[in-house]
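Subject: Structure for you to look at

Hello,

Here is the structure I said I would pass on. Please open it and keep it beside this message while you read.

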Amino acid sequence: MKIAATWNILKLMSRVAADVAANGLSMTNVVRLCEGPSLTFLAEKAAAALLMGNVIAVPTDTLYGIAALAQNNCAIEKVYQIKKRNSTKPLAICVAEVEDVYKWGKVTVPHSLLTRLLPGPVTLIFQRTPNLNPALNPGTDLVGIRIPDEEFIRTLARHCDSPLALTSANVSMKTSPLCIEEFSELWSKLHSVYDGGLIGEELKCREGSTIVDLSNPGSYRLIRRGVAYEQTTRILQQFELTLID
């Protein structure tokens, strides 16, 4: 399955490159990520773009996502427009460190539990704090918080010193992308596209993060199984949290 999936991705990349060349489209906003000091430099550039209200595409530990400053109303609007997303559907936020979770969410679980789950492919839902932009997800008092186990996006969040509104880099209802070629139709709508290569090869990788509602003390509610379901539920049970259907 892995060989077949990789071959399909390679064919897609070739097709997209051919389409770009044939139609005279620009790839100047696509930036290849690499390890080392340049990663910090690129994160600084990406942070500058976000601080100016732009929307960018970035790799996470599960899928490619599009990110904007959660505290910037205009940037949030752009995210919804780019994805053609229903305005009532909430956006999660991404932060860099476990300590940042407390600033934006009313944490109901021990710190040791947070450090077991984060960073990782998990989104934790808490009651939001007054610090979070009231224009972000105005229809709910909850917020999903992520710390992806991916260095570039965490470095980016540190440079912004602000939560990032984060969602998958695809038009709503379309396939969640594992490489930038899978959302090439969005490139022209984004300030920049940061290419970290192929994230995963199997269908399970497209399930995204496991989403767990921890807003009620002593219990948890599973919102989406995602890629880390077994590991996450095992940890929650070790901390004697009760599953609510």
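Predicted model: local features only at pLDDT ≥ 70, side-chain atom pairs only at ≥ 80, totals over all residues.

Residues are numbered from 1 along each chain as its sequence is written, and side-chain values use heavy atoms, with hydrogens and water left out.

Two terms are needed from the start. Helices (H or I, at least four residues) and strands (E, at least two) are DSSP runs, numbered from the N terminus. A residue is buried under 20% relative accessible area, exposed over 50%, and partly exposed in between (1.4 Å probe, protein chains only).

Helix H3

Helix H3 covers residues 73-83, and its buried residues are Ala 75, Ile 76, Val 79, Tyr 80, Ile 82 and Lys 83. Viewed down the axis of H3, these fall within an arc of 165°, so they line one face of the helix; the arc is that of the directions from the helix axis to the C-beta atoms. An α-helix has 3.6 residues a turn, so residues three or four places apart point the same way. The exposed residues Cys 74, Glu 77 and Gln 81 are on the face of H3 turned away from its buried side. Strand S3 (64-69) and strand S8 (164-168) are what the buried residues of H3 pack against, where contact means heavy atoms within 4.5 Å.

At the start of H3, a side-chain oxygen of Asn 72 comes to within 3.0 Å of the backbone nitrogen of Cys 74. This is a polar contact, meaning a pair of N or O atoms within 3.5 Å; within protein, one must be able to donate a hydrogen and the other to accept it, and residues adjacent in sequence count only if both atoms are side-chain atoms. After H3 comes Lys 84, with a positive phi near 55°.

Helix H6

In H6 (residues 151-160), 7 of the 10 residues are buried, so the helix is mostly covered. The buried residues are Phe 152, Ile 153, Arg 154, Thr 155, Leu 156, Ala 157 and Cys 160. Their cover includes helix H2 (37-51), strand S2 (56-59), S3, strand S4 (92-94), S8 and S9. At the start of H6, a side-chain oxygen of Glu 150 lies within 2.9 Å of the backbone nitrogen of Phe 152.

Aromatic rings

Rings of Phe, Tyr and Trp (its six-membered ring) pair if their centres lie within 6.5 Å; planes under 30 degrees apart count as stacked, over 60 as edge-to-face and the rest as tilted. How many aromatic pairs does this rule give? The count is 2. The ring centres of Tyr 64 and Phe 183 are 5.9 Å apart and the planes are at 45°, so this pair is tilted. It links distant parts of the chain, 119 residues apart: Tyr 64 is in strand S3, and Phe 183 is in the loop between S8 and strand S9 (192-195). Both Tyr 64 and Phe 183 are buried.

For Phe 152 and Tyr 194, the centres are 5.0 Å apart and the planes at 35°, so that pair is tilted. Phe 152 in H6 and Tyr 194 in S9 are 42 residues apart, and both are buried.

Strand S9

S9 is covered on both faces, with Ser 192 and Tyr 194 buried on one side and Val 193 and Asp 195 buried on the other. Two strands pair if DSSP finds at least two bridges between them. Strand S1 (residues 30-32) pairs with S9 in the parallel sense over 3 bridges, and Val 31 stands opposite Tyr 194. S2 and S9 pair in the parallel sense over 2 bridges, with Ile 56 opposite Ser 192.

Is Thr 210 buried or exposed? Thr 210, in strand S10 (residues 210-213), is buried, with a relative accessible area of 1%. Its side chain reaches the backbone oxygen of Arg 225 at 2.4 Å, and a polar atom of that side chain lies 3.1 Å from the backbone nitrogen of Tyr 229.

Pro 217, in the loop between S10 and strand S11 (219-224), is exposed, with a relative accessible area of 66%. The C-alpha atoms of Pro 217 and Val 109 are separated by 7.0 Å, and the two residues are 108 apart along the chain.

Regards
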